[in-house]
Every structure is written in C-alpha cells, then in structure tokens.
Amino acid sequence: MGTHITRKAVSAAVATLSILGLAGCGGSATSGTASTITLFDSKVEIVDSLKALAKEYKKEKGVTVEVWGTTGDDYITQLKTKLTNQTTGPNIFMTGGGQEGDTLKSYMADLTNAPFTKYIAKNKAYEVGGKVFGMPAAVEGYGLIVNTGLVSASKVSTQSDFISMLKQAKADGKYTGFELSQESYFLIGHMLNTAFSMQSNPKQFVADVVSGKVKLQNVKEFKELGTIYEAIRANTNNPLQINYDKEIGDLMTGKTASVNQGMWINTMISSDYKDSAAKLQMVPFPLDGNDKLAVGVPLYWHVNGTKSTAEQKASIDFLNWLVTSKTGQDYIVNKFQFIPAMTNIKVDESKMDVLAQAVYKASNSGDNIPWVYQYWPSGIADTYLVGTAQSFFTDKAMTGQQLMTKLSEDFVTAGVKR
Amino acid sequence: MKRKDWYWNLLFVGPTVCIFSLVVLVPFVMGISYSFVSWDGIAANAKRFIGFTNYVSAMSDTRFIRSAVKTFIFTAGAVVLTNALGLIVALLVTSKMKLAGVVRTFYFMPYLIGGLILGYIWKFIFSDGFAIIGNVTGWKFIFFNWLLNPTFALFALIFVSTWQTAGYVMIIYISGIQTIPQDLIEAAEVDGAHGWKLFWHIKFPLIMPAFTISLFMTLSNSFKIFDTNLSLTAGGPSNATELFAMNIYNEIFLNGNYGYGQAKAVLFFIIVAIFTLAQVSITKKREVGL
Amino acid sequence: MSEKQAKVWLWIGSLLVFAVSLIHLSPLYLLAVNSFKTREELYENVLSLPKSLSFQYYQVAMERMNILTAIMNSFIITVVSTLLIILFSSMTAWVLARHEDRMWAKVIYMTFVATMLIPFQTLMMPLIQFFSQIQQTLGFQIIDTRQGLIFMYIGFGSAMSVFLYHGFVKSIPISLEEAGYIDGASPWTVFWRIVFPMLRPITNTVVILNVIWIWNDYLLPSLVLSSEHVKTIPLSTFSFFGQFTIQWNLAMAGLVMTILPVIIFYAVAQRNIIRGIADGAVK
C-alpha cells in the first residue's frame, strides 16, 4: 500500500471533478433560445404520446419541445419547486385550476389575446379578473357507472331505489351493489363534490362552509349524503380494503354492479379488460334527486410568463398548433383520449366509448353539474377529508350526520390560513 | 500532530465544510427565517412577517402534538428492535457458523430497496396478505388487516422499518467487531471468559463506537421517516400514523402553509436535537480507545 | 461434547439461522413474482406464481425507462459522489477527531451531527431556491445537471460520513501517527499512508451506505433533474406510478433492474469485508 495508489486515486477524483466542472460551464443551456421549449406534463397516462407529438412538431415546425414527465401525485410539489426561478421553471405547465391555479398565478402569462383563446368552449377557460390564464386541456365527467348486465339503469334512478338495490344485492349475495375505493377522491371527494355542486351558488357556498357560517349537517343534500353513506357501509364491502385497481377489476368481472367513477377508467378497461362481459352505462349519481352528470375541466395548460418573450411566443405557438393542426387534434382525441374543451375540434361521437359519449353529451348540452372541489381549501381532500371518511368506516357507531358534522369542521380547520 | 498547522487543518476540513454549508446550512437558516412569516411557499407570492405566531400556533396544534408523540413512540420501538436484531445477526455472522456469508447477504438485501417500494409491498402483506393467512389458519387475532387499526398500524410501521434497516445496522456492528484484535479475544477465552461474560465485559465495550454510531443513526433516521410512512399507511387510518415528517410535508406542500410548516420543523428539531446530542455525549464517554 | 457432536450442532444452528433469513427475505418473492404477471393475473392473485415467464414487461419497462441512459446517469452520479465523499469526509473526520479538545473542532463536529436530524422536507424548497438563484446570478449550470446533483450529494453525505469516520479514528493508535511525524512526514502523508489504510473496514461501510442511498434516492433528483438525458433510475422507475394506479408489473420489472446493479456491487464489496476480517485476525 503505497502513496502511489492513494495519490493516483486522489488525482483521478480531482481530475474527474474538474472535467465535469468544465463540461458544466460550457454545457448546453436547457432553454436559452426559442428553438427549444420545455413542457412539464402532469398526466402520466399521456406522457408517451406527448413525446411522440413533440417529435411530430419538430418535423413540422423545427422547434424542439422537451417533455418532462413525473409520477402522478408528486407533480405539484415538483412544479412549485421548479417554478421558484426563471432558469429552472418549465415553459408550459399544467394545473387543476381553482385554488391550485390561484397560488401559481404569478407565473402564468396572460393568454387573453392568444390565437386559440377564441376556440375555448364557454365557461371552460381558467380566468382571473376577466383575463384568461389557462387553456382547458380536456373535459372529464363522472357519475354512477352501472353494469347494466347485472342491474338496469332504471333501478338506480332515485336515491331510495339505489338504497333498495344495495340491500337487495346484499341479500342475494351474488354480487355487491356498489363499491367505493380507499383513495381520497374515490372514498369521499367525488361524492362530496356532487352534494356541493347541487347548491345554487357553489363557490359562495364553499366560502360559507369554510368560514363556519354554514354547517354541512344542516343542509339537505348533505343529510341525504350521510344516509347514503350509512347504506353503503351497511350493505357493501369495506372500501378501506379496496383500491382503484381492485374496484375497476370488480366492476369488469361482475363482482360489483356499480361504482362512482369517471370516463377516465376507459384507459384501464380498454387495455386490460377487453374480454369482459360487463355492459357499462354512466348515469347521474342519484343523490337526493340529482339527475345530472358532474362535468368539469381537470387540467389547464399554462404558459410561464417569467420566461423570455421569445420563449413565451414559442410556447403559445405550440399550444395553438396542438389545438388547431390536424396532427394535434388527432393526438388529443385519439391518443390522449381526451374530450376536447375547444369548439374547433370535431369529435366523431360514434368512435367514442359509451362512457365518454355520455360525458360529451352532458358537456355540450350544458346539462351537467359543475366540479366544485377546485374551490376547496388546497390539499383538504388528502390531509383532512380522507382521514375523517376513514374513521366513518372503522367506527361503525358513527352516524351519517356525525360524518357530515366532522367534515364541516374539517373545512373550517383547513381554511385557516397561516 | 503539529497544532500550529492551520494550513493543514484548513486543507483537510475546509472543502467539506464549504460544500456542507452551502448545501445544508444555508437552506436550513433560510428555512428558519421563513418560519417567522405567513407564506404559501411560492417565490412570486407575498410573505407577511408575523413574528412568533407560527410557533405559538404549533404548540397548541393537537394534530401536530399527536404526530410528534407518535413519532417518539415509533422511534423508541424501531431503534430498540433494529439494534437488537442487527447486533444479534452481526454476532452470529462473525462467529464460526456456517453459511455466514449467505445469511449476511440475505439480511442485508431489504436495505437495497428504497423505502417507498417496500412500503407498497408490505402494505399488501398487512392488508390482503394477512386476510388470506387469517382465513387459512383461522388465527384471526393476529392475522387481520393491521393497517385499519391505529395501534397495529404503528406496529406495522415499526416492523417494516426494523425489517429494512436491521441489515444496515448489522454492517455497522460487523465493522465494529472486526476492529477487535483476535488475540485479545483468545487471551480472554484462555482466562476463562465465555459466552455472555465474554460478550458483556470484553466485546461490547470494544464495539461501543459502533454502538454510538448505530444508535445515533437509527435514532435520526427514525425521527425523519417519510417514504415508508407514506407508502405503507399514508398516515392512516384517520391520521393515526401521520408521523412528524409527513405532518410537515402535508403542511407545506398540500395545505400551502409554508411558514407554519417550517416553524413546526424548527420546534421538533430543537427537541430531537437536545435528546439525541445528549445520547451521543453519554455513549461517547463510555467508548474505549486502544 | 465430542468434536463431532459440536460440529453437528453448529450445522443445525447455522441452518436454523439460514431458514430465518430466508423468511426475512420472503417479501422480495412478491417483488420478483409480480414482475411477470399481466394486469388481470395481478388482480386475481398477487401471491401465486406467474402463469408464464415472459420477459415482455421487462422489455416494455426498459424502453420506457430509457434504461441505458438512466443506468449510466445513476452510475456516474453515485460513483463520483461516493468517491468524493470518502475523500473529503475521511480527511475532515481525522482532523476533527485528533483535535477533539479544541472548541472549533467540537463546534464543527456537533454541527455535522446535529444536521443529521433535519428532515429533508424542510430543506427542499430553500435548497432549490438558493441554487437556482446562484445559477441565475453567476451564470453556470447547477440545476438539471449531474455535477450540480453530485455537489449536493457531497453536501448531504458529509454529515453521516464524517460521523462514521470520526467514531472509528479512535481505534487507530495515535502512536503510529506520531512515529510518522518523527520520521519527518507531513500530515498529508501520515493520513494517506498510515491512517487511511487502517480505516478500511469503516470505509467499506461508508461506501456501501452512501452508494445505496444515492443510487436509490428519489426525492432530491426529482427536484433537481428535469431533462430526460440526465435522469437517474429511480426517477424512471417511478414513472410507472400514476396518480390513481400503479402499473405493478412494469414497476416491479423496473425495480428489479434497479436493484440488480446494487446487489452485484454489494456482492463484490462483501469480499472486501471478508478480507478485512482476515486481516484483523492476523493482526
């Protein structure tokens, strides 16, 4: 063991460090000119198609769009961190609008005069103070998805029918009438949203609940929701034992007759459950006489306004190409399997699956209830609501009324801005 | 060592301290300064100076206090079990047993996998897996879904943490055992010391450095646990296993209360620091040098 | 007890320990087995053996993960970071340990140790803010580069590594160093020729712990790296974790490919440990 070996190792390490250092200094910038822009995608399901689309864009227009992907629930953390500085932020990013969008508004460029803004469907843009800051990426909807092979849609058109169906299915024992799943939005989020959206002025209603002025347990739709939850707990499988994969699997294999889900399940059923015998139909969730599907915009495209003017223009050009060119439109409808929220994109209804068709009709006719949870205090579903809902299913003595009371308190706690 | 040689000391210590300061100390101090403002963490949005308000709120935040208590309980359990298991296996594989190399590798392998994935695998085992075993054996008082019970979910977390880190601790103890000169052991055995006596009076004091290190590392890692917490229980059921790092993460990134989250972090850090630094100085005094 | 009886007991005891260690490993069985199943098979039964041993998921995972680039990035980052951590931390720990009675050494050491208690979640945002600001004002690339990430790993890894080395410097008799000084050697020579070789067992430990931590790390790279060409393996593997659903078969295939290099590394590094034990015995 001589100085030779250790001296060599040390000089090798120092050499490596300096080479890397030099390489760093002269290295290529991530987005120095408007010939390259970066796009931070939040939806894992479309990232491969987005990359393919970027290749096509490069062929047609010569501009490189670098697609950054990530895991599903990490996106907003990474986005907030990357946006801290002009040099690290992406040129194009996505948010869910509402509270999430408002927090990051300072980074968004004003798109009111962008070429594609006139094509945005009515009320679907992300607007603040009358100006447009986000372009809707897609329209999505959810409701009660029923396997009509097991239970016909007419049997679940009213709340009392629905509850009877649950009891009947339990008594028969061949399948369960309905299933919830343990993830925050599937356990409580979407169901709660239905009740919120049935109020006359949902946005104001949320503010009142947060301030404590209105208590959920005193509002009719929520009382009924409490009753439904009691029926679900008494007559179906414990949702805390079920995850999304299992829930959809049970639906497609006939173990459950219905689920409260959206048209997004189509990506899973078209690839993994092609041979299933289930006949699906989406109907409004029968909460206290509700007869509409819940339709909203889950994601918006935004342009980073802190970047250079050249890059902002290149970003707007790309988004414009996305929704106006033949290639872009084809990708949106067929590869991403989105229902577009732009009036200039024609969709061949007959080519859609039955769930998407139902949502498309509801969206176009305007005969739908909105999504309200974007106005809830940020993060509330995951940090407060899901915990409370879990306790409802672990503590069998809790009544539906008590559930609503606790949820109402959660809104007040979560709403405290520190 | 020539004590007046500032040049040498600077050369040996300087680079490390520089890089460390830039990467750890500067962000930490920045974080502390942010605990005195009301802010949502977004650089472009306003910060509002509110002095010690965040600290006062934190001390009356029952959910935070519960999470801190749970973290202490978890840490106590995990540290004891991990060190016990790691030490026992380390002693076994450095003894004359056969297949020592294979056993050592097997015990170490769980550590090679990140906490996030492990959590998902064990989540399946504790929920569906136990249900299946419970049905087959009929021993439903042990084999039920642990993750739906607040107490057992915490046990599950301790169990998984021990399973994963026992191998890592074993490595540290093996290093410690290796520094004991073989002739010392043989001399002691000639003098009549065997088994437990040999261990407690000879081996253990000599591996005290390894014990200090291992104790401190398991303590610090347990206080900070996040990945496994997230994937195994996600803080449930009903926030019963929301440990400290998760509480902070949720506060900062989901609730958007950055200053408040930082204040909680500083508070917890102070408490934990006092506790563990006391431990380090106590055990360091008992170390035996050669 | 005759020698033969003792040998039999030794074998029985060893086999028992071996069996327990197999059980210890059983959850990994789930990992391996599920990387070969289709989605439907996974839904039906997670415990069973797969119906067919097709490597199709490995193929799909490899393509989507951009596996060669990812492995190369992980390799460069891990190896360079670890080498530099060893270099800097061992030197620092030795000086701090040999000057234990001085205030400056105590303060520096305690600072290193104290920071091991800070959860990364509280440092995340300021870290990126600070370095992106440096990047903007001084003009050279840190974020989204391998060297920037390596720099950060050195920073984060120093505390633990200094701590580990510090504890073991005690076991080096100071008389050997003093002999070196009497012979006229400089501290640099004394350290690298006398002290460092004797730290071999703990260097092994430091290498193993750092390599595994850095190779498997997800959080820090996810914030620092964005572009495809610098992504590490954990980032690529986690792309199979969607918002609602995890593509288990692909994720498991990806994971198996992630830990294989580490297993091989550990198998090789293990031999050094055995050599270390032998050396110790001879001493």
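Reply:

Read along the sequence, chain C runs α-α-α-α-α-α-α-α-α-α-α-α-α-α. That is 14 helices and zero strands. The model is a predicted one. Of the 283 residues in chain C, 59% are buried. Among its contacts between residues at least 6 apart in sequence, 70% join residues at least 24 apart.

Chain C meets chain B through 96 residues of its own, which are in contact with 90 residues of chain B. Together the two chains bury about 9,100 Å², and 80% of that area is on carbon and sulfur atoms. Seven residue pairs are in polar contact between chain B and chain C, counting pairs with both residues at pLDDT 80 or more. Helices of chain B that each supply at least two residues to the side touching chain C include H1 (6–34), H6 (150–178) and H12 (258–285). H1(B) gives the most, with 21 residues. By type, the residues on this side of chain B divide into 65 nonpolar, 17 polar and eight charged.

The UniProt record, an unreviewed entry, places the feature "transmembrane region" at several spans of chain B, among them residues 6–29, 154–177 and 265–282. In the model, residues 154–177 of chain B are 100% helix, with end C-alpha atoms 33 Å apart. Residues 265–282 of chain B are also 100% helix, and their end C-alpha atoms lie 26 Å apart.

What about charged pairs? Side chains of opposite charge can pair when their charged atoms come close.

Two salt bridges lie within chain B. In one, the side chains of Lys264(B) and Asp61(B) meet at 3.8 Å, N to O. Lys264(B) is in helix H12 and Asp61(B) in the loop between helix H2 (53–59) and helix H3 (62–93), so the pair links parts of the chain 203 residues apart. Lys264(B) counts as buried because its relative accessibility is 1%; Asp61(B), at 14%, counts as buried too.

In the other, Glu242(B) and Arg63(B) meet at 2.8 Å, N to O. Glu242(B) is in the loop between helix H10 (227–232) and H11, while Arg63(B) is in helix H3, 179 residues apart. Both Glu242(B) and Arg63(B) are buried.

Note on methods:
Residues numbered from 1 in each chain as written. Chains lettered and ligands numbered in written order. Heavy atoms only, no water. Contact = heavy atoms within 4.5 Å. Buried area = accessible area lost by both parts, 1.4 Å probe. Polar contact = N/O pair within 3.5 Å; in protein donor to acceptor, adjacent residues only side chain to side chain. Helix = DSSP H or I, 4+ residues; strand = E, 2+ residues; numbered from the N terminus. Nonpolar A, V, L, I, M, F, W, Y, C, P; charged D, E, K, R; others polar. UniProt positions renumbered as here; feature names shortened; annotations may be inferred. Buried < 20%, exposed > 50% of the residue type's maximum accessible area, 1.4 Å probe, protein only. Salt bridge = Lys/Arg side-chain N within 4 Å of Asp/Glu carboxyl O.
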